[in-house]
Amino acid sequence: MTYLLPPLNALRAFEAAARHLSFKQAAHELHVTAGAVSQQVRLLEERLGVQLFERRTRQIILTSGGETYLARVRQAFRGLAEATAELKPEGVTSLLHIGLHASFAVDGLRARLSRFRRAQPQIAVRISQPAGLHELLEGKVDVVIADRVQRHPGYRCEPLDSGFLIGPLGTADCPEIETLRSCLLGHVELGPPAKTKAPSPPKDANIEVQ
């Protein structure tokens, strides 16, 4: 069966712009110009025959049609991400890049990040410190652990035992981020890793601090 689908780049531009409610911030995330994002969205609207955004002075707002379409596009992207993750051979490693506020002690996080590594052994962790909302908006890190509430359109700021976890709405509900959040809150308790014939890696071998 052949599917009549809009271009993927146009859908990515729409989803990012809808999260940020800003063509400029979407452009930062996608590493293109704001004009390119605006053009992609305009082409998508023309293809669909539906206006997705109301364009106001220094602001864009989703139309009712845009809100409905956004929910289905996010659902489709989530399905693609899950299918891709299931397709990866066992042991393939992805990277989660965490930005950390300058005041946080990395040593205090190691135990809980090690717990995350045991829960998600296919994902390596990289920590950049100092890093904050600015680095997150520019796409330099995937999530940020901050010392105080930092709100921004298109991002979710959730309390931890100490500080806040900030990430894009588009990835805030993915299994990896949900597991990270649970580990940081101490909600994930795991037994000792299973014994294998291979030697155990050195402590925190897959937690890299920059």
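Helices (H or I, at least four residues) and strands (E, at least two) are DSSP runs, numbered from the N terminus. This is a predicted model, where local features need pLDDT of at least 70, side-chain atom pairs count only at pLDDT 80 or more, and totals for chains, interfaces and linings use all residues. Residues are numbered from 1 along each chain as its sequence is written, and side-chain values use heavy atoms, with hydrogens and water left out.

**View A. R58 in the loop between β1 and β2.** Here β1 covers 53–56 and β2 covers 59–62. R58 isn't a glycine, yet its phi is positive, about 60°. With a relative accessible area of 87%, R58 is exposed (exposed is over 50%, buried under 20%, partly exposed in between; 1.4 Å probe, protein chains only).

**View B. H31 in the loop between α2 and α3.** Look between α2 (23–30) and α3 (34–48) for this one. H31 is another residue other than glycine with a positive phi, near 60°. H31 counts as exposed because its relative accessibility is 62%.

**View C. A cis peptide bond from Q129 to P130.** Omega sits near 0° here. P130 belongs to the loop that links β4 (123–128) and α6 (133–137).

**View D. Strand β5 (residues 143–146), covered on both faces.** In a regular strand, side chains alternate between the two faces of the sheet. V143 and I145 are buried on one side, and V144 and A146 are buried on the other.

**View E. The pairings of β5 with β3 and β7.** Strands pair if DSSP finds at least two bridges between them. Strand β3 (residues 94–100) runs parallel to β5 over three bridges, with I98 opposite V143. Strand β7 (residues 164–168) pairs with β5 in the antiparallel sense, also over three bridges, and there A146 stands opposite F164.
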